[in-house]
Amino acid sequence: MKSIISEQLNTADERLTLLEKIPTAIFEDSQSASVAVAREIAHTIRNKATKGEQCVLGLATGSTPVKVYEELVRLHRKENLSFQNVITFNLDEYFPMQPDSLQSYVRFMHEHLFDHVDIPANQIHIPDGTLQEEEVEKFCNEYEKKIQDAGGIDIQLLGIGKTGHIGFNEPGSRRDSKSRLITLDKVTRTDAASSFFGEEYVPRRAITMGVGTILTADRIFLMAWGEGKAPIIREAVEGNITETVPATYLQEHPNAAVILDEASAEQLTRFKTPWVLSKCEWDDKLIRKAVVWLCRKLDKPVLKLTDEDYNEHGMADLITQKGPAYNINIKVFNELQHTITGWPGGKPNEDDKYRPERAEPFPKRCLIFSPHPDDDVISMGGTLIRLVDHGHDVHIAYQTSGNIAVFDDEAVRFADFVTDYADIFGMKDEKADALLNKINDFLKQKKPGEVDSPEIKIIKGLIRKGEAKAAGRYCGVPDENMHFMNMPFYETGRVKKKPLGQKDIDLTVELLRKIKPHQVYVAGDLSDPHGTHRVCLKAVFEALEICKEDDWIEDCFVWMYRGAWQEWDVNEIEMAVPLSPIELKRKRRAIFKHQSQKDRPLFPGTDTREFWQRSEDRNRETAKIYDDLGLAEYEAIEGFVRYQFLDE
């Protein structure tokens, strides 16, 4: 079998991978990368089977390997891949942890792999989270011996945490560490909080294979997806070996490989600053990226860069091909200047040659897709208000209910309000009292992470819907222009969602064809740690593809926004909408309408700031960068990138 991963590694340009200390294969997306890893595993299983040997796999959990397991299940069902000769050892498990708990890795592995293939139950090994503490050391020693008795691990799968941990080997783990009980880092616990419906419910300890155990594997694949993993991937692949980033120990392994999608690879030098490694093919996009980087490195505005600045920082060939510096500076300065517009819907009766949006038609029909009920105002609230103020027909599509992101006591408060309301106005209804009692009884017995009852899910969804309506009205959007899609993929009551389904896409197509928008705004904020933004974006893209032959589509621009979890780099921004201090305050007030997410959102991620603070800080930072580059000084800027879904 031809190895896709080996082909990737062997064809990589050695000049661009000079700083990479672990062989790194980069795929277009996580799906293609996962398929490649799964096929490597399948090849090893089959090769061992033909020799009458067992194949020993070290397996990981979390969102990273899910698509690998999906492909292995497909290979079992469709291509007769047998797991009869497979022995597995999982990396870790929370401690304490019951195997039937929602967050249990035993449950995870059975849901995603073991229940769907023919692996014998006695060949599955997962650390036991039900042990008494005094039993753990003996168990870990036996776990090590079982791995040795099986002949050692043939392929070890790994993800990577934001602290650089592999397994649960947190910063400070020794290279020769073995399986053991460890205390989880605060960052790791914060990352896991969403799965446990609150950081306070995340176990403080876990049982994990050691770094030394992992390094005994014959072959190691460390996988990472998404922009959120990009910074730690750069440290792991290009940094020095250090116990503060345990993944760097893989640099010493003779047969380890890092498998990435393009997003998680974006901080590697070959993508971030390739000109410092090798001569480049200088297109407009790369020139702008390099010039912005050089300005920020030297703390200089664009128009003050000199030939010497370019020459001394790896861009001599750019000066040779496109120079002198003055010409390059003017070109990039004008490009940046042309991204700035106070008219996100286009300025009527004006020359739009150098504007990001068309002057006509005016006013436009604008459709803003918001993955959660507050993403619209958090990420582009200033632009939304500006579009309304300019007289455009603005619609907002709230793609999911957001019902899991509401605290239980909020549901009780609203149910209690309904009973008091009915009583005060003489509409006393025994059903309302019974419902409140039922909700209270359920919540008294509810365990952390347990799925809400149908009634509570509905109430929590109504809370988010009411907040979205309040924010939309504050921005000037009519009630009839607010569309609550309640996409089915989201409605599991758990952080883990269903895959994107045809019904989700059909709902999106139906809305697009109903409105026939001239502008579509979508969340391109793919660092959302729970994946909802990514799924919602995919739904819109697939719907647009279906609508490709519609008569309205050629007159439709699609703009991607960010802000809830990250921001566009200035070199990427194609439309920059400046906000005044007053407009920034209006945006903040719109965000405040989402009271259930105020002060302490249920799923804050690792950023301790409230969402309105994150949003304002990012908008102000974008404005500061434009200012530092020598452009106009603004209070804040919201940035957008245009998605080209038609051949243009």
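# Reading the terms in a predicted model

Biologist: What makes the radius of gyration of the protein agree with that of a compact globule?

Modeller: The radius of gyration is taken over C-alpha atoms, and the globule rule is 2.2 Å times the number of residues to the power 0.38. For 648 residues the rule gives a value near 26 Å, and the protein has 27 Å, so the two agree. Along its principal axes the C-alpha trace spans about 85 × 80 × 45 Å.

Biologist: What kind of model is this, and how are its residues numbered?

Modeller: It is a predicted model, in which local features need pLDDT of at least 70 and side-chain atom pairs count only at pLDDT 80 or more, while totals for chains, interfaces and linings use all residues. Residues are numbered from 1 along each chain as its sequence is written, and side-chain values use heavy atoms, with hydrogens and water left out.

Biologist: Why is Cys-55 called buried?

Modeller: Buried means under 20% relative accessible area, exposed means over 50%, and partly exposed is in between (1.4 Å probe, protein chains only). Cys-55 has a relative accessible area of 0%, so Cys-55 is buried. Cys-140 is at 3%, and therefore counts as buried too. Of the 648 residues of the protein, 56% count as buried.

Biologist: How many disulfides are there in the whole structure?

Modeller: A disulfide is a pair of cysteine sulfur atoms within 2.5 Å. A search of the whole structure finds zero of them.

Biologist: Is Gln-321 buried, partly exposed or exposed?

Modeller: Gln-321 has 45% relative accessibility, so it counts as partly exposed.

Biologist: Where does Gln-321 lie, and what does it touch?

Modeller: Helices (H or I, at least four residues) and strands (E, at least two) are DSSP runs, numbered from the N terminus. Gln-321 lies in helix H12, residues 316-322. Contact means heavy atoms within 4.5 Å. Not counting residues up to four places away in sequence, Gln-321 touches Cys-280 and Trp-282. The protein as a whole has 21 helices and 17 strands.

Biologist: Why is Pro-499 given another label, and where is it?

Modeller: Pro-499 has 63% relative accessibility, so it counts as exposed. Pro-499 lies in the loop between strand E13 (482-484) and helix H18 (502-515). Its contacts, leaving aside neighbours within four places in sequence, are Phe-489 and Asp-504.

Biologist: What is the phi of Asp-299, and what is that of Asn-349?

Modeller: Most residues other than glycine have a negative phi, and most peptide bonds are trans. Asp-299 is not a glycine, yet its phi is near 55°, a positive value. Asn-349 is not a glycine either, and its phi is about 60°. Asp-299 sits in the loop between helix H10 (284-298) and helix H11 (307-311). Asn-349 is in the loop between H13 and strand E11 (365-370).

Biologist: Are Asp-299 and Asn-349 buried or exposed?

Modeller: Asp-299 has a relative accessible area of 64%, so it is exposed. Asn-349 is at 70% and therefore counts as exposed.
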